[in-house]
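User: I am new to this structure. Please take me through it in short steps.

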Amino acid sequence: MGLARIKHPSHGQHYLLLKLPHEPYWCNGCMGLGFGPCYECEHEGCGFYLHEECANAAPSTSHPFSKCSLKFHYNAPQGDARYCDACGEDVSGFVYQCSHKHPHDYHPRCLKLPRTLTAGDGLILQLKKKLPSQCLRCGSRKTSNRIQGWCYVSSPDGYCYHIACVKEMILEKWRKDHLTQDGDVNEANNLGLQTFNPSRQIALPGGRSSSKATRIWRKAATVIMVIISALFGEPSALISVLVQYWLSS
Ligand SMILES: [Zn+2]
Ligand SMILES: [Zn+2]
Ligand SMILES: [Zn+2]
Ligand SMILES: [Zn+2]
Ligand SMILES: [Zn+2]
């Protein structure tokens, strides 16, 4: 964790406080959604947020999955439509970019994704650069925008999910609930943000299913939950409560 109160060059007029917000926010740095600890402007009504990773991004970095030397930028210096090589989402703010002719781009948060995630029952998820098998969400090894994005693979079962696909699951649901047909944020629905809970957004299979199918589903759901907590920073306590709920229902 960084300092509790900082001034950040991207928002020089006010101080930011490290907080665990009560509702999801959009990071004003990388423009991505967040649920976990973040820096929030202390000025009332300002509504400026930064992911902790975005606020504390080092000027340069590297990642074991990439041979590139990566420099931090407030906006991507090269290219127009940029996509993150880890999560496949577009890049429209804070980014690490290399200096190659066809540069690689990464969100600051994506470079900080844990290499290993653990949950109860001996479940372990490993971050991988290449998919060892098809993604259980999209059935492919490439993301929908054809980026060879990263994934998490579970052991012992070998369930594999693109980071891109898990992100998309959450964002799709969020847009459906909070955007009007014109694509504007629905004001009347804005309050709904407070009750937006990513873990509840994964529908359970309808109808009666066999106990084996239910068991597989629960395992897959747990895998997704753990990935969501890594991607969006949801407190892991909430995740474990949900997992217990699934196991007991
Ligand atoms: Zn951010
Ligand atoms: Zn402010
Ligand atoms: Zn590169
Ligand atoms: Zn990313
Ligand atoms: Zn996928």
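## Questions and answers

Analyst: Arg-109 has a relative accessible area of 13%, which makes this residue buried. The model is a predicted one.

User: Which helix holds Arg-109?

Analyst: Arg-109 is a helical residue. The helix spans residues 108-111 and is helix 2.

User: Which side chain makes a polar contact with that of Arg-109?

Analyst: Arg-109 touches residues that include His-51, Glu-53 and Phe-232, leaving aside those up to four places away in sequence. One of these also forms a polar contact, side chain to side chain, at 3.1 Å. The partner is Glu-53.

User: Which residues are the protein donors of the zinc ion (ligand 4)?

Analyst: The donor atoms lie 2.1 to 2.4 Å from the zinc ion (ligand 4). Along the chain the donors are spaced C-x2-C-x19-H-x2-C. They are Cys-84 (SG), Cys-87 (SG), His-107 (ND1) and Cys-110 (SG).

User: How many residues apart are Cys-84 and His-107?

Analyst: Cys-84 sits in the loop between strand 9 (82-83) and strand 10 (90-91). His-107 is in the loop between strand 12 (105-106) and helix 2. Both residues are buried. The pair links distant parts of the chain, 23 residues apart.

User: What arrangement do the four donor atoms around the zinc ion (ligand 4) have?

Analyst: The angles decide this. Four donors count as tetrahedral if all angles lie between 85 and 135 degrees. Around the zinc ion (ligand 4) the angles are 96 to 119°, so the arrangement is tetrahedral.

User: Which residues coordinate the zinc ion (ligand 2)?

Analyst: The spacing of the donor residues in sequence is H-x2-H-x26-C-x4-C. The site is tetrahedral, with angles of 104 to 116° among the four donor atoms. At 2.1 to 2.3 Å, the coordinating residues are His-11 (NE2), His-14 (ND1), Cys-41 (SG) and Cys-46 (SG).

User: How far apart in sequence are the parts that His-11 and Cys-46 tie together?

Analyst: His-11 lies in the loop between strand 1 (5-6) and strand 2 (16-19). Cys-46 lies in the loop between strand 5 (38-41) and strand 6 (49-51). The pair therefore ties together parts that are separated in sequence by 35 residues.

User: Is Cys-46 buried or partly exposed?

Analyst: His-11 is buried, at 6% relative accessible area. Buried means under 20%. Cys-46 has 30% relative accessibility, so Cys-46 counts as partly exposed.

Terms used: Residues numbered from 1 in each chain as written. Chains lettered and ligands numbered in written order. Predicted model: local features only at pLDDT ≥ 70, side-chain atom pairs only at ≥ 80, totals over all residues. Heavy atoms only, no water. Donors = N, O, S within 2.8 Å, 3.2 Å for Na, K, Ca; no water. Tetrahedral: all angles 85-135°; square planar, octahedral: opposite > 155°, others 65-115°. Helix = DSSP H or I, 4+ residues; strand = E, 2+ residues; numbered from the N terminus. Buried < 20%, exposed > 50% of the residue type's maximum accessible area, 1.4 Å probe, protein only. Polar contact = N/O pair within 3.5 Å; in protein donor to acceptor, adjacent residues only side chain to side chain. Contact = heavy atoms within 4.5 Å.
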